[in-house]
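Subject: A structure for you to look at

Hi there,

Here is the structure I promised to pass on. Have it open while you read, and follow along with my notes below.

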Amino acid sequence: LVNYDYLIVGSGLFGATFAYEAAKRGKHVKVIEKRDHIAGNIYTKEQDGIQVHQYGAHIFHTSNKEIWNYIQQFAEFNRYTNSPVANYKGELYNLPFNMNTFSELWGVTTPAEAKAKIEEQKAVANLSDSEPRNLEEQAISLIGTDIYTKLIKGYTEKQWGQKATELPAFIIRRLPVRYTFDNNYFNDIYQGIPIGGYTQIVEKMLDSDLIDVETGVDFFDNKEEYLKDYPRIIFTGMIDEFFDYQLGELQYRSLKFETEEMNVDNFQGNAVINYTDSETPYTRVIEHKHFEFGKGDKGKTIVTREYPANWKRGDEPYYPVNNKANNELYTEYRKLAENQPKVTFGGRLGMYRYYDMHQVIHAALEAVSQEFKD
Ligand code: FAD
């Protein structure tokens, strides 16, 4: 029987980064993963020569040079720039909101004209001076009615499964508006997609004689034994599930993915198209080959439709819902966590935070430096 120093629950980016760093320090690590593959939500799989993002579009972006250098140890990145297009009842608009969008919407050609138009729209809405009471009022007060109606309302209502008038205003604190012809979605300095997909990153992180990985193993099938047998546990599953939901359930949003292989070279001409009306049941259509500039077999493409869904026990919890009530409940779970000195809770589900990839690596490296005091 091997004597492990660590049990890591979950082979996503948090667990894998921690495992890699622990092994680098000579520690013996066991990783268990309940899915039948490693890499968590960044998992990509090749089909028809195309890297298919199995759990939704993943674009790496950061302004942190250390994190950017760190991830490049495990893959070479291409120059992909996220520039989604919105489809509203057949009308196409560039995102994020920028001069291209304004020109498409109103035929304006200069920043001054665009600003005037937005001011005029806000005035038409005739909102009171008081604080916006819901997401609809907030959005209109920031950007006016046209953009709200065509590009925000339907998409947001589908995403959250609630009417915009029933959603809290804070979901939209600010809206990125650019008065330049720049369709780059992110403001970060570094951005790209790993050539050959994301899975290789986790594979390389876990490729060590000191790391053993078992997939198809659920921590909760043997929780008590794991807690007894391992000196330290890094847990990247759901913190409320770890405590058997004893304080109540945290809320999550789930997603359903519908993937289709098509016998055409190019289905939609862009990696990501957002469907912003409320009639179309899906929010996004991803055409994976465009993440790598059309790489893949001739005459084939893979397309995924993304449907938002309510979460209930047993579903995949893709997004934490970080509203006030849930964050307060999470704080209560944190108190329980402090009575579990053997266990460190990490990652998107363990820390109940909507982390992007660069933030999850950052959080994992922080946990590593706390653990090893180096
Ligand atoms: P996960 O990847 O969820 O890994 C946790 C792992 O633990 C999973 O594999 C799970 O199966 C396993 N696990 C859970 N419970 C148990 C258990 N009981 N026993 C054993 N194993 C268990 N980030 C970006 O930077 N850019 C993007 O464009 C982007 N797009 C996204 C799109 C979508 C649709 C989603 C859902 C996320 C996106 N993200 C994006 C965020 C990114 O996916 C996360 O930052 C990252 O995957 C989090 O890593 P993690 O290790 O914390 O969690």
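Let's begin with helix α6, whose buried residues are Ile 147, Tyr 148, Leu 151, Ile 152, Lys 153, Gly 154, Tyr 155, Thr 156 and Lys 158. Please keep in mind that this is a predicted model. What covers those buried residues? The cover includes α5 (135-143) and the strands β6 (85-88), β7 (91-94), β12 (272-275) and β14 (301-310). Helix α6 covers residues 145-160 and bends by about 45° at Ile 152, and Ile 152 is also one of its buried residues. After the helix comes Gly 161, with a positive phi near 65°.

Next, have a look at helix α1, residues 13-24. How many of its residues are buried? In α1, 11 of the 12 are, which leaves the helix mostly covered. Among them are Leu 13, Phe 14, Phe 18, Tyr 20 and Glu 21. A glycine follows here too: Gly 26 comes after α1, and its phi is positive, near 80°.

Where β15 meets β11 (residues 252-262), the two strands run antiparallel and are joined by 2 bridges. To find one of these on screen, look for Tyr 252, whose bridge partner in β15 is Pro 320.

Now zoom out to the whole chain. There are 12 helices and 16 strands in it. The chain is divided into domain 1 (6-80 + 191-249 + 320-372) and domain 2 (96-171), and the C-alpha centres of these two domains lie 36 Å apart. Along the principal axes, the C-alpha atoms fill a box of roughly 70 × 55 × 35 Å. A compact globule of 374 residues would have a radius of gyration near 21 Å, and the chain has 22 Å, so the two agree. Of the 374 residues, 37% are buried. Finally, among contacts with a separation of 6 or more, 74% are between residues 24 or more positions apart.

Enjoy exploring, and write back with any questions!

Best wishes

Terms used
Residues numbered from 1 in each chain as written. Predicted model: local features only at pLDDT ≥ 70, side-chain atom pairs only at ≥ 80, totals over all residues. Domains from an automatic or database assignment. Bend = angle between axes of the 7 residues up to and from the residue. Helix = DSSP H or I, 4+ residues; strand = E, 2+ residues; numbered from the N terminus. Buried ≥ 20, exposed ≤ 12 C-beta atoms within 10 Å, placed from the backbone. Contact = placed C-beta atoms within 7 Å. Rg over C-alpha atoms; globule rule 2.2 N^0.38 Å. Pairing = 2+ DSSP bridges.
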